[in-house]
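Please look at the sequence and the structure before we discuss particular places in them.

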Amino acid sequence: MKLKLKPLVEGGFKRPLLVAGPCSAETEEQLLAAAEGLAPLEIDFFRAGVWKPRTRPGNFEGAGISALPWLRKVKERYGLKIITEVANKEHLFQALKNGVDAVWIGARTTVNPFSVQEIADALQGLDLPVFIKNPINPDLNLWIGAIERIYKAGIRRLAVVHRGYSAHGASKYRNKPLWQMPIELKRRFPDLPILVDNSHICGERSGLLAVAQKAMDLNYDGLMTEVHPDPDRAWSDKAQQISPSSFAELLSALVLRAPSSTDERFQTKLEQLRTEIDEIDEQLLDLLGRRMQVAEQIGRYKKENGIAILQTHRWNIILQKAQQMGLERGLSKEFVEAYLHAIHEESINHQTKVMNP
Ligand code: PEP
Ligand code: MN
């Protein structure tokens with residue numbers, strides 16, 4: 001589906017587009033203090049969660065409807081546009097009744113086509129900016145499906161928010177970014193603005209700048225960051241929230257790069273390097289094709305001798321050797337592992353085909 005979008009905000013926006021504010025609306029004083037700190041930074045939207053989806057019960061689940069007038073006060077007093085999360089049509093009606101300027105669909109809602117469709121139906125006929133977060137599981141089609149449902153409801157001011165993917169086990173991220181997902185989404189929908197939610201990707205403060213910078217280097221359009229007047233005392237997500245002054249520091253440390261250049265010397269040099277990359281890619285694919293032919297020979301040979309495909313001992317040796325060789329060539333352990341698993345899987349598929357024609 002090709003998207004014909006309207007500018008997310010009338011008259012366009014300067015890059016990076018900034019959505020900032022606390023994880024949750026806790027009290028009127030807290031919201032006003034956050035807005036007071038953020039207003040001078042010329043943010044585009046002031047965010048606060050009114051209904052909070054918490055993974056486990058017993059945590060602060062948001063102040064609900066009573067928080068909406070506080071948000072409205074932020075808008076009236078500081079002239080900031082306000083945005084909140086909606087997970088069903090009742091949330092949307094309440095938000096609209098209270099003058100909310102835009103809404104976002106959270107990661108736990110994007111996973112559910114019933115909920116997304118309910119919100120889409122309720123959005124029919126409105127001209128409201130809608131931000132769609134990636135689903136918590138790394139399923140690009142689910143993200144695209146949500147975009148399409150909202151688009152089909154007639155919403156033309158659309159943006160997506162990359163907030164990372166939850167995974168079992170320890171990681172340096174709270175939600176792994178899996179940058180290939182948003183990159184593929186950008187390839188399919190080049191005109192759809194994309195923001196990075198560095199707060200939910202990191203889960204703690206120290207990584208926020210690096211993740212924001214990486215997103216800027218990938219030509220993202222903006223940031224959604226959780227900013228709280230007193231982060232250590234936040235009622236939700238306190239480890240990842242930062243004060244307005246830390247947010248100001250983060251913004252001034254960000255290096256912004258132009259999406260492209262028309263400079264001829266730059267273009268020529270870039271073309272040369274890209275040609276080199278294209279040639280290397282072709283060589284890599286040639287080699288991989290040859291590798292699979294050898295795998296098929298092995299498959300035939302194993303079949304003739306009645307031997308199984310998977311030889312765990314041999315696979316361990318390959319893994320160890322390659323990790324060492326990768327390290328010597330400046331390749332990360334994670335990359336070498338992912339690369340070898342992909343090759344191994346393809347190799348097994350080729351052998352299986354030979355064994356069971
Ligand atoms: C949030 O932005 O506060 C939030 C709940 O985000 P997500 O849906 O990405 O978890
Ligand atoms: Mn949060």
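Let me begin with two residues. His200 is buried, and Glu226 is buried as well. Please note that we are looking at a predicted model.

Both residues belong to a metal site. Which residues coordinate the manganese ion (ligand 2)? The manganese ion is held by Cys23 through SG, His200 through NE2, Glu226 through OE and Asp237 through OD, at 2.1 to 2.4 Å. Along the chain, these donors follow the spacing C-x176-H-x25-E-x10-D. His200 sits in helix α8 (residues 198-202) and Glu226 in strand β8, so this pair ties together parts that are 26 residues apart in sequence.

Strand β8 brings me to the next topic, the strands. Strand β8 covers residues 222-226, and five bridges join it to strand β1, the two running parallel.

Are its residues buried or exposed? Strand β1 spans residues 17-21, and five of its five residues are buried, so the strand is described as mostly covered under a cut-off of 20% relative accessible area. Leu17, Val19 and Gly21 point one way from the strand, while Leu18 and Ala20 point the other way. The residues on both sides are buried.

How many cavities of 30 Å³ or more are counted? The count comes to one, and the largest cavity has a volume of about 30 Å³. Its lining consists of Val160, Pro182, Leu185, Lys186, Phe189, Leu192 and Ile194. Helix α7 (residues 180-188) supplies the largest share of that lining, with three residues. By class, the lining has six nonpolar residues, no polar residues and one charged residue.

To close, I return to the metal site. Cys23, His200, Glu226 and Asp237 coordinate the manganese ion, and strand β8, which contains Glu226, is joined to β1 by five bridges. Thank you for your attention.

Definitions and conventions:
Residues numbered from 1 in each chain as written. Chains lettered and ligands numbered in written order. Predicted model: local features only at pLDDT ≥ 70, side-chain atom pairs only at ≥ 80, totals over all residues. Heavy atoms only, no water. Buried < 20%, exposed > 50% of the residue type's maximum accessible area, 1.4 Å probe, protein only. Helix = DSSP H or I, 4+ residues; strand = E, 2+ residues; numbered from the N terminus. Pairing = 2+ DSSP bridges. 1 Å grid on protein atoms, 1.4 Å probe; cavity = no way out; pocket = protein on both sides within 12 Å on 5 of 7 lines; lining within 4 Å. Points joined across faces, edges and corners; volume = space filled by probe spheres on them. Nonpolar A, V, L, I, M, F, W, Y, C, P; charged D, E, K, R; others polar. Donors = N, O, S within 2.8 Å, 3.2 Å for Na, K, Ca; no water.
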